[in-house]
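Here is a short note for your first pass through this entry. Please keep the structure open while you read.

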Amino acid sequence: MNINRFLKSAAGHQTVDNSRRSFLKVSAGTSAGLMLGVSFNGSALAQSAATDAALELNAFVSITPDNVVKVLIKHLEMGQGVYTGLATCIAEEMDAAWSQVECEHAPANTARYANLLMGQQGTGGSTAIANSFMQMRQAGAAARSMLVSAAAAQWQVPASEITVSNGILTHGARSATFGELAIAAAQQPSPDAESLSLKTPAEFKLIGQENTLRKDVGKHNGAAIYTQDVKLPGMLTAVVAHSPRFGGKVKSFDAGAALARHGVRQVFEIDSGIAVLATDYWSATKGRELLSIEWDDSAAETRGTADILQQYRGLVDTAGAVAESHGDAEQTLAQSADVTELVFEYPYLAHAQMEPMNCVAQVNGTSAEMWYGCQSASGDQAAIAQLLGTGIEHVKINTVFAGGGFGRRANPVSDYVLEAVRIARQVQGTPVKLVWSREDDMQAGYYRPAYVHKLSASQDANGKPAAIQIRVAGQSIMAGTSLGAMMISNGIDITSVEGLSDMSYDIPERQVELHSTQVGIPVQWWRSVGHTHTAFSKEVFIDALARKAGADPVAYRLELLKNNPRETAVLQLAAEKAGWGTTQLPAGWGRGVAVHTSFGSTVAEIVDVSVQGNNFKVERVVAAIDCGIAVNPSIVRAQVESAIAYGLSAALADEVTLTAGNVDQTNFHTYRVLRMNAMPSVETHIVPSTNPPSGVGEPGTPPIAPAVANALAAVTGRTFTRLPLKLA
Amino acid sequence: MPYLLTINGQSHEIDVEGDMPLLWVVREQLNLTGTKFGCGMAQCGACTVQIDGVATRTCVLTVADSVGKNIVTIEGLQSPQALAIQTAWVELQVPQCGYCQSGQVVSATTLLEQNSNPTDADIDAAMSGNICRCGTYPRIKAGIKMAAAQFYNAAGAA
């Protein structure tokens with residue numbers, strides 16, 4: 001199908017950001033066959049033989065004779081609420097009763113379950129709802145149509161006279177449940193997508209409602225199953241001793257003492273270190289402590305983060321590759337008598353999701369079966385198949401709940417997944433659960449890269465920015481990955497500058513330059529990707545310019561956003577709800593603002609902080625979000641709360657440092673994440689909208705750190721340019 | 001050597017080494033997987049269970065030191081406070097990824113069993129040992145207050 005039409009129907013052509021647009025363009029060229037926006041049919045599998053089990057109506061919807069609507073979820077449920085969101089769209093158009101809907105993860109099957117914005121099966125970029133909003137509704141409408149056809153045939157009445165509500169089909173005095181019609185419905189032909197009529201927003205009964213309880217159940221009573229909980233007959237537990245330095249290799253090792261330990265079954269070398277297999281985790285980890293390993297660091301990264309940041313500070317004084325250019329900012333700045341210049345510094349960040357990386361694998365010759373919280377089904381499946389020299393059809397992935405992700409589980413080289421497979425293929429037929437300790441997880445890299453930015457601007461007679469030059473130095477997260485070809489063009493990794501290169505502020509002359517650096521520390525996307533750092537520079541810098549102009553920070557932004565009604569509306573809503581300029585703060589308190597657009601959605605946050613000596617506390621956050629249609633408002637608010645907490649953790653404390661190539665942090669006592677006592681109250685307001693849904697999981701993260709920094713500036717008069725924030 | 005443990009009201013004879021943390025006994029020997037491994041050094045609270053009514057980190061508590069204690073895991077919580085907390089958790093849709101939530105529920109239940117009308121400061125003090133990377137803290141706080149209301153009101157009415 002035509003990509004433009006897809007964009008218009010499924011993602012909203014106005015809400016897809018630049019990086020996604022270029023992503024799509026390339027995807028369309030390389031894998032157009034996977035981009036069928038209306039694909040919900042299950043090909044030959046669609047009309048499988050009727051059995052006692054669920055009757056499949058299409059790739060996403062089955063009905064059991066006992067009246068359960070089973071929905072297959074093509075994305076990973078890692079807390080963002082995708083089970084509930086996708087099932088809501090299906091149940092809405094199917095007119096199912098919400099109470100009869102159950103969800104489970106779809107298997108890895110790119111042809112059936114691709115993310116329509118990526119062309120491959122995977123979860124990320126806050127696209128789960130955006131890419132599937134139309135597809136799920138069509139799948140629900142198709143299932144409904146098949147049920148209606150079945151009832152019409154059975155009752156010998158026109159289909160148009162049958163009504164469906166709350167999972168019951170009715171014609172006059174006759175009625176039937178979905179379950180009663182399941183077998184007959186599964187024998188109906190799949191309707192043509194074009195023949196389905198979908199509801200208008202005014203007709204929604206589930207979408208946009210507050211009372212649709214989540215479908216990822218069992219999380220309040222310990223019943224939910226994560227990778228950590230998978231137990232298979234004869235399974236061994238594996239831990240791996242990794243090189244302390246990135247790029248280090250095993251030179252030699254002695255496994256004697258480890259092998260003599262009770263419970264330890266095998267010790268062997270794999271690409272990434274020495275694997276210890278035991279009957280249980282404790283034995284495996286005690287066995288690992290008994291290993292004696294000599295490492296070869298000849299190819300290892302041996303620099304520390306202080307050296308690396310020092311290099312970056314030098315780089316931003318030199319010209320980089322041009323990512324964005326309007327006018328001649330450099331010349332205007334050179335001719336300006338008064339240039340504001342700020343240098344920003346950002347540390348490496350670990351994801352530190354609550355469930356450390358783990359994966360269960362069983363290899364039999366050239367086939368593999370996997371059990372884990374799989375975020376990147378297509379990528380992992382292909383990587384496993386390649387490693388085993390087999391076809392993807394021989395790699396079966398069973399996806400279970402993930403204990404948080406924040407980007408980490410979608411590893412571009414399937415690092416922890418392939419580690420599990422490499423171990424499992426050494427013990428053919430035996431299932432192996434690879435478990436990383438917290439220390440393994442924190443020291444394994446794939447961090448949000450460290451960056452240094454330099455921003456310089458001149459202002460016109462009214463104090464408005466006239467020209468701005470931005471230089472960014474840091475590692476590319478896309479370089480060397482399968483996405484590199486799509487996301488890097490002319491030496492610019494769009495994710496290194498997104499949020500700056502496409503900023504909404506109306507500044508006549510602007511230039512964005514990038515230095516992509518070569519460092520041997522593995523890096524990866526981290527909740528909100530480039531916006532984790534670009535939004536901070538942009539929003540703190542704008543505040544600094546507003547102060548210099550003697551302007552109110554909200555009014556100053558609104559003036560620069562005159563041509564952007566969406567950001568204007570979101571910022572105004574947050575300001576109004578927070579009482580910006582109308583409420584008095586206690587002594588020692590300050591209020592700060594930030595607004596940013598990412599993943600197709602705009603979020604504004606207004607923060608109150610209290611300062612006492614060298615300590616401060618974030619007291620209150622008022623957020624406003626425009627994410628198009630809010631499929632589940634409670635989950636949208638939960639995700640904004642979550643995104644704020646995650647970003648606030650980085651604003652206050654998170655930082656990975658390296659000394660001579662060794663990661664200094666090991667666990668939560670040295671990588672200090674946000675706890676309950678530092679969590680502010682959060683109030684989230686959703687802009688009413690009938691536009692197609694856009695991202696929700698990530699867009700709340702970028703504004704929080706700059707809003708806090710700006711609030712601190714309001715109290716102290718100082719400008720904060722380094723994360724994590726410190727008063728002294 | 002075998003250790004006799006009382007877990008969720010049942011006796012279990014466990015033959016493991018004495019220094020094995022209770023967490024791994026519960027999870028891997030008894031298949032009570034609601035209790036989670038998060039850090040292994042009593043920093044995150046994902047492994048919290050009640051031991052003689054006290055919220056306790058099992059990743060650093062040895063099986064040898066668990067003998068003779070009344071151990072209650074997330075699967076065995078039965079008090080009215082536990083029920084109220086779990087009901088509030090579902091109603092307010094507290095969990096996101098959910099991995100830390102067994103520990104959160106055990107800590108919140110323990111708080112409520114000891115203090116039927118906790119202040120914000122009481123909640124911060126009782127709950128700050130339980131990390132949630134999804135940032136469900138505001139809903140946890142609201143959930144504890146919702147659950148507490150039923151006991152506080154009941155006590156007030158009595």
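1. Start with a term. Two strands pair if DSSP finds at least two bridges between them. Keep in mind that this is a predicted model.

2. Now take the sheet in chain A. It is open and has three strands, in the order β5-β6-β7 (chain A). The pairing is antiparallel. Neighbouring strands of this sheet are turned by 20° against each other on average, with direction ignored.

3. Why is one side of β5 and of β7 of chain A left without a neighbour in the sheet? Both strands stand at the edges: β5 covers 163-165 and β7 covers 174-177 of chain A.

4. Look at β6 of chain A, residues 168-171. This strand and β7(A) are joined in the antiparallel sense over four bridges. T170(A) has S175(A) in β7(A) as its bridge partner. H171(A) stands opposite R174(A) in β7(A).

5. Next, the turn. The hairpin of β6(A) and β7(A) has two residues between the strands. Here G172(A) takes a positive phi near 55°.

6. Finally, the helices. Helix α5 of chain A, residues 128-155, lies across β5, β6 and β7 of chain A. Helix α5 runs at about 40° to β6(A). Helix α6 of chain A, residues 178-186, lies across β6 and β7 of chain A. Its angle to β7(A) is about 80°.

Key:
Residues are numbered from 1 along each chain as its sequence is written. Chains are lettered from A and ligands numbered from 1 in the order in which they are written. This is a predicted model: local features need pLDDT of at least 70, side-chain atom pairs count only at pLDDT 80 or more; totals for chains, interfaces and linings use all residues. Axes are lines fitted to C-alpha atoms, for helices over the stretch in contact, and angles run from 0 to 180 degrees between N-to-C directions. Two residues are in contact if their C-beta atoms, placed from the backbone, lie within 7 Å.
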